[in-house]
Amino acid sequence: MAKHIFVTGGVVSSLGKGLTCASIGMLLEHRGLRIRLQKFDPYINVDPGTMSPYQHGEVYVLDDGAETDLDLGHYERFTNAPLSRECNYTTGKIYLSVIEKERHGDFLGRTVQVIPHVTDEIKSAVRKLASDDVDVVITEIGGTVGDIEGLPFLEAIRQFALDVGKQNCLYIHLTLIPFLKAAGEAKTKPTQHSVSQLRQIGIQPDILICRTERPLAKDEAQKIALFCNVESRAVIEERDKEFSIYEVPLSLVENKLDELIVEKLNLRAKPLEIGDWRQLLQRIKNPAHEVTVAVVGKYIKHHDAYKSVYEALDHAGIALDSRVLVRKVEAEDIEREGAEKCLGGMDGILVPGGFGDRGIAGKIEAVRYARERKIPYFGICLGLQCALVEFARNVAGLEDANTTEIDRNCRHPVVCMLDDQYDITHLGGTMRLGSYPCVLVEGSRAHEAYGSLLVHERHRHRYEFNNQYRQQFAAHGLLVSGTSPDGKLVEVIELPDHPWFVAVQCHPEFKSKPTKAQPLFYGFVQASLKNREGKKRGESSRPRTDIPAAAVSAS
């Protein structure tokens, strides 16, 4: 029987439950255990796909097309556990399933209630991951104890221990120990109240993980243990990290959390070996090089809106023994102040995805600046579409070129809606979502980066390159270096006469790991480093001259 770890949060939100769950998963994997990870989000939306990035941060897309919470990105980056749509449930998704069953007549005329019908649906979602080939299922409960919308999930995990036996369940509560400067001391009362609320529901935490800015004094830990009814050794300090989120697992190891979990769940596990992770942190803390990259976006004020992009840049930096300094540039600032002021001195420029017309002009100007100044450019999703519009207007001579997302009646719709999107009336879960194959042109930059002619990346978009303009663009020097296997959908474009100019319709950031940098991000950061070194030597960036003739003709 699989064992279960349930992770809850208290005092305040955004304490890092997702990172903690991912770190626990990583440690258990390094002890030879097979794990699965899952998150329950209490909000009513069926999934985060229709939510604003300002409200929710990025939408993390899985191979099977599920639009999920960004914490699942942490799960994938820290562990090798497979993720699917069964790994992220919201209140909306749970209730939708219950209501559909009621409409189908599955309840045989009974009154449908939160208990037992909703809680049974939640428990069923947990059981879906507890297969014979899994040792431990880690389930994160989003939100904070005391939130009214989270009560059904807490009640469900309380019941779950009765169903499978308390010896097969472990409750971990993540909380905050605030430090009051005026009083000059840390306060444990918020944690006491948070645990008290859990105990009123019927859940007694087995382990408390305490987020703190400063070291947790022994007497403070003992006080927490006494008032919260846990062992002193089960009060785990998790101090704020100075360098990187990838320090979190080592902090938990120092406090022997993995040993405690193995003991309390009576798991058969091998000794912990994390030498590879320690080496990773050494490279993060002591890089040999430094490079500055501008990320030009429309949700820049919300760091989590481009969370996976920033992480993928860091991963490429780790692989290249370099610190990647990200300058977050609001696309609208470029519109007001000009590209030179906002982007001058950058070693590389990246334009990520997004929706709507706000900031589009600034993104297009950023593309032009990168193209004309021979600065390495990487476009992702909307970043590809902006590159096409810019190329059409300023190279191909199509002054009225645009994307139909912005102007439905433009004279030259170089970017238009996918054919299968025109009849869609519901917005949620209806885009081109999930992993799709892409065939690359031999000798192209993309092929050079991947080292393969067939790759798979995840998508999330409704618009595409209008094939009517492919020959015209090729005549002006644009290379279509990646397409769908049938050749109908353009997935990757490049400019061969540029040092490094690559744009993709997919979201490659979702498949990057700290231990394995995503190939295109690696290539982009590597090109940015070369650009930086060239500027130091007083050299101008040089275009590529080794592009095979076969690759050019393939457009």
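1. Helices and strands are here DSSP runs numbered from the N terminus, a strand having at least two residues. The model under review is a predicted one. In this numbering, Glu 237 belongs to strand E11, which covers residues 235-239. The relative accessibility of Glu 237 is 13%, so this residue counts as buried, the cut-off being under 20%. Leaving aside residues up to four places away in sequence, Glu 237 touches Cys 210, Thr 212, Pro 215, Leu 216, Ser 251 and Asn 255.

2. The next point concerns helix H12. This helix runs over residues 307-319. With 13 residues at 1.5 Å a residue, H12 should span 18 Å, and the separation of its end C-alpha atoms, 19 Å, agrees with that expectation. Is H12 largely enclosed by the rest of the structure, or exposed? Of its 13 residues, 11 are buried, so H12 is largely enclosed by the rest of the structure. Among the buried residues are Lys 307, Glu 311 and His 315, together with Val 309, Leu 313 and Ile 318.

3. Asp 321 comes after H12 and lies in the loop that leads from H12 to strand E13 (322-330). Most residues other than glycine have a negative phi. Asp 321 is not a glycine, yet its phi is positive, at about 55°. With a relative accessibility of 29%, Asp 321 counts as partly exposed.

4. A second residue with a positive phi is found in another loop. Val 11 lies between strand E1 (3-9) and helix H1 (17-29). The phi of Val 11 is near 75°, a positive value in a residue other than glycine. Val 11 has a relative accessible area of 31% and is therefore partly exposed.

5. The peptide bond between Ile 115 and Pro 116 also deserves attention. Most peptide bonds are trans. The bond that joins Ile 115 and Pro 116, however, is cis, with omega at about 15°. Pro 116 is part of helix H5, which covers residues 114-127.

6. Gln 159 and Ala 217 are 58 residues apart in sequence, and their C-alpha atoms are 35 Å apart in space.

7. Two helix pairs may be considered in turn. Two packed helices are described by the angle between their axes and the distance between the axes. Helix H7 (residues 189-201) and helix H8 (residues 218-228) have axes that come within 10 Å and cross at roughly 25°. Which term describes this arrangement, roughly parallel or roughly perpendicular? Angles under 35 degrees count as roughly parallel, and H7 and H8 are therefore roughly parallel to each other. Their crossing is right-handed. On the H7 side the residues that meet H8 are Thr 191, Gln 192, Val 195 and Arg 199; on the H8 side they are Lys 223, Ile 224, Phe 227 and Cys 228.

8. The second pair consists of helix H15 (residues 360-373) and helix H16 (residues 382-394), which pack at an angle of about 70° with their axes 9 Å apart. Since angles of 65 to 115 degrees count as roughly perpendicular, H15 and H16 are roughly perpendicular to each other. The crossing of H15 and H16 is right-handed. H15 contributes Ile 360, Lys 363, Ile 364, Val 367, Arg 368 and Arg 371 to the contact, and H16 contributes residues including Leu 382, Cys 386, Val 389 and Arg 393.

9. The last point follows the chain beyond H16. Leu 398 lies in the loop between H16 and strand E16 (401-403). Is Leu 398 buried or exposed? Its relative accessibility is 7%, so Leu 398 counts as buried. Excluding residues up to four places away in sequence, Leu 398 touches Ala 392, Arg 393, His 412, Val 414, Tyr 469, Gln 472 and Phe 473. Leu 398 and Pro 413 are 15 residues apart along the chain, and 9.9 Å separates their C-alpha atoms.

Note on methods. Residues are numbered from 1 along each chain as its sequence is written. This is a predicted model: local features need pLDDT of at least 70, side-chain atom pairs count only at pLDDT 80 or more; totals for chains, interfaces and linings use all residues. Side-chain values use heavy atoms; hydrogens and water are left out. Helices (H or I, at least four residues) and strands (E, at least two) are DSSP runs, numbered from the N terminus. Buried means under 20% relative accessible area, exposed over 50%, partly exposed in between (1.4 Å probe, protein chains only). Contact means heavy atoms within 4.5 Å. The expected span of a helix is 1.5 Å times one less than its number of residues. Axes are lines fitted to C-alpha atoms, for helices over the stretch in contact, and angles run from 0 to 180 degrees between N-to-C directions. Angles under 35 degrees count as roughly parallel, over 145 as roughly antiparallel, 65 to 115 as roughly perpendicular and the rest as oblique. A crossing is left-handed if the near helix is turned anticlockwise from the far one by less than a right angle, and right-handed if clockwise.
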